Amino acid sequence: MKHKRVSKNEIHEVEILDLSYEAYGVAKIDGFTVFIESVLPGEVVKVRIERVEKRFAFGKVLEVLKASKDRVDLIDPLGTRIGTMPLQHMAYEAQLQFKRKFVIDCFSKVMQIDQDIVLFTLGMDHPWHYRNKAQIPVREIQGHLETGFFKRNSHDLVPIENYHIQEPEIDEAILSIRNILRDLNIRAYDEVNHEGCIRHIIVRRGHITKEMMVILVTNGKTLPYREALVQRILEDCPNVVSIVQNINDQKTNVIMGNTSNLLFGEDKYYDKLLDKTFAISSHSFFQVNSKQTEVLYAKALELANISHDDIVIDAYCGIGTITLCASDLAHTVYGVEVVEDAITMAKYNASLNAITNTVFEAGKAEVVMQKWVKQGIKPDVIIVDPPRKGLAESFIDASIAMKPKRLIYVSCNPVTLAKDVKKYTEQGYELISVQPVDMFPHTTHVETVVLMSRVDK
Ligand code: SAH
């Protein structure tokens, strides 16, 4: 059937049939798909067509004619426009259900599962101001240096002062630094002509220690008024313990470059998780929602059911957070991670917490695992926490060759999680439990912890 295409600026009344995993409501006009922001399934809305592509269009809601029972008032319409809170119009309980359904759908696409093993999403009591890290683009708008966020699917900066999802002290620090940059007349980066200086301000904060690290990402080595800048940041933000200049002179969307200059303190700040202290460097990964990270790790360790003579592997270990939390329960924990600097931090963190039963190795997990297989390391439990693309085939093969009793898979992407779990279930492992955890309220992201168990023990 050939569908009639809609045209720009047309106004239609539509029913929202579904919610996509980018948080767009899905409607059909004579069979043609229209994506609409800030709506919920079951709603009837008046919509204006804004952009028409070959197979679908985007529409803007003009009026909600029939509202869903899950609709709540917006905290800030900008949060939807810039995509930091695309689900803010949905009641929090409904967001948690939506995330569980997403996980179920991802599994159902690749394998048969009993939906009951996918537990209800663990949410936050107070789902605001949760981020301990902000990466804020800096641009010039009408002669003013501005900090904010890009409009969704664009590089148009929208000035923002209150982000609602970051720790408020981080919002304050960004405004202070913005004002200092304005006072000193330091130029913002100009993406079109690839000139100017400050590309991004990154602020990281210890949720427990309150220590802050400021990273100024610059378009080249030059940083005018460096000393005055550092001095003013320290005066206005007394909790800052580390200031790093990161140089990124490439035409790229990647935020940080490879080289850094230390401007103040050391290239680290400290925070605590589950009563352990961690040093975190500018280049190493650290979970951005501290409260929920404790929920996530506690769940992963509960499912891992580690006993004192167990050998454990923590693959994709970052600065050793899960490794060190598991070390109290285990005989020995091996951690592997590709970023060398993170492994340096992991070793340092072990000594900081007087932990002596961990072994860390820098390298690709898929390569180091094969080496460990050859060395005859026989883990009872393997924990993995890979990036969004999931596990390499060779990692899966090496982990199965080690015959662990249990596998814990911590995932930030249920699509690759489901595909990887399917491979394990085809090679002697049973899927026992799937626990979604909400690390990013008001966004569509979902973290999941999975327990798999070997069938012939
Ligand atoms: N478990 C840690 C880190 C999880 S993030 C925590 O909770 O903090 C995933 C980590 O995998 C990152 O530190 C990233 O640098 C690392 N990584 C990415 N690809 C890798 C690979 N092929 N081998 C090992 N580590 C990798």
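The C-alpha centres of domain 1 and domain 2 sit 39 Å apart. The chain's domain assignment, whose bounds are automatic or taken from a database, gives domain 1 (11-71), domain 2 (115-123 + 285-454) and domain 3 (133-273). Bear in mind that this is a predicted model: local features need pLDDT of at least 70, side-chain atom pairs count only at pLDDT 80 or more, and totals for chains, interfaces and linings use all residues. Residues are numbered from 1 along each chain as its sequence is written, and side-chain values use heavy atoms, with hydrogens and water left out.

Look at the polar contacts (pairs of N or O atoms within 3.5 Å). A polar side-chain atom of Tyr297 is 2.5 Å from a ligand oxygen, and a side-chain N or O atom of Glu337 is 2.6 Å from an oxygen of the ligand. A polar backbone atom of Tyr316 lies 3.1 Å from a ligand nitrogen.

With a relative accessibility of 7%, Gln287 counts as buried, since buried means under 20% relative accessible area (1.4 Å probe, protein chains only). An unreviewed UniProt entry lists Gln287, Tyr316, Glu337 and Asp385 under "binding site"; such annotations may be inferred rather than shown by experiment.

Key
Polar contact = N/O pair within 3.5 Å; in protein donor to acceptor, adjacent residues only side chain to side chain. Buried < 20%, exposed > 50% of the residue type's maximum accessible area, 1.4 Å probe, protein only.
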